Amino acid sequence: VMCQSEARQGPELRAVKWLQFPQLALRRRLGQLSCMSRPALILRSWPLTILYYLLPFCALSPLSRVGWRPVSRVALYKSVPTRLLSRAWGRLNQVELPHWLRRPVYSLYIWTFGVNMKEAAVEDLHHYRNLSEFFRRKLKPQARPVCGLHSVISPSDGKILNFGQVKNCEVEQVKGVTYSLESFLGPRTCTEDLPFPPATSCDSFKNQLVTQEGNELYHCVIYLAPGDYHCFHSPTDWTVSHRRHFPGSLMSVNPGMARWIKELFCHNERVVLTGDWKHGFFSLTAVGATNVGSIRIYFDRDLHTNSPRYSKGSYNDFSFVTHTNKEGVPMRKGEHLGEFNLGSTIVLIFEAPKDFNFQLKAGQKIRFGEPLGSL
């Protein structure tokens, strides 16, 4: 009976089977990776990740039409050894280029990312011995005047991804995509020299950071593109009392990826500087990214980022408050604070009175020294 039924359906049934076969095959070969052992999963996922993320998305649209969906695109992306690749990129950046090769290499980079070399302290491209020196180029003193009328200025060049009040212990990395404030800054400790006040069972993590009655907690996220000025500065007058280093992944932090991966900034390697300003709690976090494993804080010689001796998921604390220095490291507004290699993200989280107003628009370009907001 079944043979007669198949014979009656003829070409129609064969067409249905033809359509189902590639769909099932693709799911079995490309999507069912979770049943494999972890080493096999990592080995198989690297080429798939390269295929999925480095080729244009339109080239993969036929796979989507036949029903392929990877088990977790985030898991596939995380399996790429970004820390190892970033260390290799860092070594490559430090290789001294022949004198004749410097101008064409740097000119290509300038053309690709729109770098304004007229602002550089040294405009001669032959001056920069390697890519690392070129990425960390200094600016002319008059290129970035610091606004003195506003209480908080932009610590770097970049693009404003998000800003506003911190609500429900969640911070927006881009519109509609959030991350946990506690996961980002790390758990509180009982050490006396940390800026976190003692815990109480009824208070949220956010309320424990607010030290003055009537204040609110604010945040601002600034994305540094590869063509931006790579140094960052103090956004206000404040005192840095503590540093917390989170070894982690080094995934891309461009706005498109930030919309796609929830808690991206909590997954990536980052350096959290915390302290106080005139209105209470203040923090600046430098978030690493792909090929940006090197985060340097000028006054912190003990900091070593993207080091193989640190494992992901841990964190390392260091206090600048000592027996001889009871306050920490004082920073003046506009003072040099640190630098990235290539580009990344700065996140400010700070306490201020309720009448603090940001003078920004999401997505706008901003330069170091321009105002973020004031009272």
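Predicted model: local features only at pLDDT ≥ 70, side-chain atom pairs only at ≥ 80, totals over all residues.

1. The chain holds twelve helices and 17 strands. Of its 375 residues, 49% count as buried.

2. Contacts and surface. Among contacts in the chain with a separation of 6 or more, 76% join residues 24 or more positions apart. The accessible surface comes to about 19300 Å². Carbon and sulfur atoms account for 56% of that surface.

3. An unreviewed UniProt entry places the feature "active site" at Asp157, His233 and Ser344. These positions are spread over 188 residues of sequence, yet they cluster in space, with a largest C-alpha distance of 14.2 Å.

4. His233. This residue is found in strand 6, which runs over residues 231-233. Is His233 buried or exposed? With a relative accessible area of 3%, His233 falls under the 20% cut-off and is therefore buried. Leaving out residues up to four places away in sequence, His233 touches Pro155, Leu284 and Phe368, as well as Gly334, Glu335, His336 and Leu337.

5. Ser344. The loop between strand 13 (336-340) and strand 14 (345-353) holds Ser344. Its relative accessible area is 0%, so Ser344 counts as buried. For this serine, UniProt also lists "modified residue: Pyruvic acid (Ser)", again from an unreviewed entry.

6. Gly158. Strand 2, residues 158-165, contains Gly158. Gly158 is buried, with a relative accessible area of 0%. Between Gly158 and Ser344 there are 9.1 Å from C-alpha to C-alpha, although the two are 186 residues apart in sequence. Setting aside neighbours within four places in sequence, Gly158 is in contact with Ile222, Tyr223, Leu224 and Asp228, and also with Gln364, Lys365 and Ile366.

7. Largest nonpolar core. How many residues make up the largest nonpolar core? The core has 32 residues, and those with the most contacts inside it are Phe232, Trp238, Leu273, Ile346, Leu348, Phe350 and Leu372. Several strands each supply at least two residues of this core, including strand 5 (215-223), strand 7 (238-246), strand 8 (270-277) and strand 9 (280-287). The largest share, four residues, comes from strand 14.

8. Phe350. This is one of the residues with the most contacts inside the largest core. Not counting residues up to four places away in sequence, Phe350 touches Glu216, Leu217 and Tyr218, together with Trp277, Phe281, Phe282, Phe356 and Phe358.

9. Second core. A separate core of 25 residues is also present. Among its members are Val166, Phe246, Leu264 and Ile349.

10. His219. Strand 5 carries His219. At 3% relative accessibility, this histidine counts as buried. Which residues does His219 touch, not counting those up to four places away in sequence? The contacts are Asn162, Phe163, Gly164, Gln165, Val166, Val171, Glu172, Leu348, Ile349 and Phe358.

Definitions and conventions: Residues numbered from 1 in each chain as written. Heavy atoms only, no water. UniProt positions renumbered as here; feature names shortened; annotations may be inferred. Buried < 20%, exposed > 50% of the residue type's maximum accessible area, 1.4 Å probe, protein only. Contact = heavy atoms within 4.5 Å. Core = buried A, V, L, I, M, F, W, Y, C linked by side-chain atoms within 4.5 Å. Areas by Shrake-Rupley, 256 points an atom, 1.4 Å probe, with all protein chains shown as cover.
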